[in-house]
Amino acid sequence: MTQRPIARGPNAGLMRRTSARRRATRSAAAVATGLALALLSGGCGRSDRAQQGGRPPVPVRVGTVVRKTVPVGFRAIGHIEPIQTVAVRARIGGELQRVFFAEGATVRAGSPLFAIDPRPFRAALAQSQAELARNEALLAKAEADIARYASLVKQDYVTKEQFDQINADAAALRAAVAADRASVETARLNLDYCTISAPVTGRTGALNVKVGNLVKANDDLPLVTINQIRPINASFSVPAQLLPEVIARRDAGIRVVAAVPGGPTPAAEGTLSFVDNAVDTATGTILLKATFANEDERLWPGEFVDLEVILGEEPDRVVCPAAAVQTGQQGQYVFVARDDRTVELRPVRVNRLDEQEAVIDEGLEAGETVVTDGQLRLVPGAAIEVGSPEAAAR
């Protein structure tokens with residue numbers, strides 16, 4: 001080891017102090033460098049751990065897998081139409097004197113709707129009755145003449161020709177009396193027609209003629225239109241391939257559930273009531289109708305409704321929310337939420353699926369929790385943070 005020469009002379013003390021300061025400076029620099037390396041090493045370690053396991057959890061919504069009885073059937077879009085639509089018209093002409101209902105009100109069959117000025121028809125009835133009375137009196141005299149002349153003609157006091165004329169006059173009077181009776185009945189009917197009654201129970205539409213106006217008999221413009229909406233029909237078409245199953249189950253009764261899209265009211269239940277007698281060759285569909293009691297009038301003529309035709313039921317099926325089912329390159333799958341707040345990608349086999357729920361054949365068990373929203377940010381094993389859960393299949 002090479003030894004450094006010891007400094008001697010008048011500057012030796014100064015040189016020793018300078019050398020000591022240099023050694024102290026180098027030691028401090030070494031300590032600082034060591035601390036920096038240690039801090040850097042520790043920071044890198046924390047960064048690596050953050051990158052590996054410290055990702056923030058993905059916010060998701062979840063639903064529950066259940067086992068329940070599910071309906072078997074199909075869905076269709078239909079429109080509501082009244083059982084009957086009656087355009088009320090006047091059978092006679094005259095001045096409209098009174099309206100007995102409010103526009104849009106419900107009326108019962110037989111209740112009065114309109115009153116037309118009856119005075120001209122009362123006069124016509126009285127005239128017809130007078131004509132009838134006159135001809136009945138003439139007929140009575142003619143029949144008395146026949147009885148009186150019948151014995152005289154046998155004694156040759158009256159010629160046969162005269163007697164025949166008396167019989168002919170009596171026959172003509174009988175015909176006149178019959179015609180007068182028909183005229184009286186016609187006049188009485190016209191008088192009755194001055195009051196127009198509701199032909200069916202239903203809800204009225206807009207009033208087309210106001211009080212004081214003249215109405216015409218059988219005018220093209222009806223006075224009002226009445227729709228019978230309790231009960232009410234829903235008309236819809238389905239592919240002809242479904243017809244055999246519909247026919248096979250029709251006698252047992254087929255339930256139909258109708259819901260107005262986006263409507264606040266609950267669905268209405270009815271029964272299939274009509275199957276058309278021919279398939280539409282242009283569309284390959286068959287026309288069906290379902291009847292609903294509609295006591296609360298939640299279904300309205302002209303509305304479009306979502307219909308579910310229930311052909312039967314399947315018990316003990318595994319059902320999950322439809323939003324949980326995703327489709328990838330390998331088929332359909334769901335993300336199952338585990339107890340440690342991570343997710344597992346699970347392939348599933350779906351039997352059928354609609355807007356609300358999916359019937360699962362394989363891949364899920366009742367009681368498991370599946371992700372229904374937020375799947376795009378998930379990978380297998382990712383941490384999750386559950387928000388407000390969606391309603392499970394009901």
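**Figure 1. Secondary structure and overall figures for the chain.** The protein chain of this predicted model contains 4 helices and 20 strands. Of its 394 residues, 32% count as buried. The chain exposes about 24,300 Å², and carbon and sulfur atoms supply 53% of that area. Among contacts between residues at least 6 apart in sequence, 77% join residues at least 24 apart.

**Figure 2. The largest nonpolar core has 24 residues.** Phe236, Leu272, Phe292 and Leu307 have the most contacts inside this core. At least two core residues come from each of β2 (66-88), β9 (224-239), β10 (255-259), β11 (268-275), β12 (285-292) and β13 (304-321). Strand β9 gives the largest share, 5 residues. A second, separate core has 21 residues, including Val86, Phe101, Phe114 and Ile226. In soluble globular proteins, nonpolar side chains tend to be buried together.

Figure 3. Leaving aside neighbours within four places in sequence, Leu272 is in contact with Phe236, Val246, Ile254, Val256, Leu288, Lys289 and Ala290. One of these residues, Lys289, lies over the face of Phe274, at 5.5 Å from the ring centre.

**Figure 4. Strand β2 and its partners β13 and β9.** Strands β2 and β13 run antiparallel and are joined by 13 bridges. Val66 stands opposite Val319 of β13. Strand β2 is also joined to β9, again antiparallel, through 9 bridges. Here Ile80 has Ala234 of β9 as its bridge partner. Strands of a sheet pair through backbone hydrogen bonds, either parallel or antiparallel.

**Figure 5. A cis peptide bond at Pro231.** Arg230 and Pro231 are joined by a cis peptide bond, with omega about 5°. Pro231 is part of strand β9. Most residues other than glycine have a negative phi, and most peptide bonds are trans.

**Figure 6. An open sheet of 4 strands.** The strand order is β6-β5-β3-β8, with antiparallel pairing. At the edges are β6 (195-197) and β8 (214-215), each of which pairs on one side only. Strand β3 (residues 94-99) is antiparallel to β8 and is joined to it by 2 bridges. Glu95 stands opposite Leu214 in β8.

**Figure 7. Strand β19 and its partners β1 and β15.** Strand β1 (residues 58-64) pairs with β19 (residues 369-373) in the antiparallel sense over 4 bridges. Opposite Arg61 stands Asp373 of β19. Strand β15 (residues 331-337) also pairs with β19 in the antiparallel sense, over 2 bridges. Val336 has Val370 of β19 as its bridge partner.

**Figure 8. Aromatic pairs.** A search of the whole structure finds 2 aromatic pairs. The rings of Phe101 and Phe114 have centres 5.4 Å apart and planes at 85°, so this pair is edge-to-face. Phe101 lies in the loop between β3 and β4 (106-107) and Phe114 in strand β5 (residues 112-116), so the pair ties together parts 13 residues apart in sequence. Both Phe101 and Phe114 are buried. Tyr333 and Phe335 form an edge-to-face pair, at 5.7 Å centre to centre with 90° between the planes. Phe335 has a relative accessible area of 3% and is buried.

Figure 9. Leaving aside neighbours within four places in sequence, Thr285 is in contact with Ser237, Val238, Pro239, Ala240, Val279 and Asp280. Thr285 and Leu242 are 43 residues apart in sequence, and their C-alpha atoms are 9.2 Å apart in space.

Figure 10. Asn218 is not a glycine, yet its phi is positive, near 55°. Asn218 is placed in the loop between β8 and β9. With a relative accessible area of 55%, Asn218 is exposed. Glu297, also not a glycine, has a positive phi of about 55°. Glu297 is found in the loop between β12 and β13. Its relative accessibility is 16%, so Glu297 counts as buried, the cut-off being under 20%.

Methods:
Residues numbered from 1 in each chain as written. Predicted model: local features only at pLDDT ≥ 70, side-chain atom pairs only at ≥ 80, totals over all residues. Heavy atoms only, no water. Core = buried A, V, L, I, M, F, W, Y, C linked by side-chain atoms within 4.5 Å. Buried < 20%, exposed > 50% of the residue type's maximum accessible area, 1.4 Å probe, protein only. Contact = heavy atoms within 4.5 Å. Pairing = 2+ DSSP bridges. Areas by Shrake-Rupley, 256 points an atom, 1.4 Å probe, with all protein chains shown as cover. Phe/Tyr/Trp six-rings, centres within 6.5 Å; stacked < 30°, edge-to-face > 60°. Lys NZ or Arg CZ within 6 Å of the ring centre and 35° of its normal.
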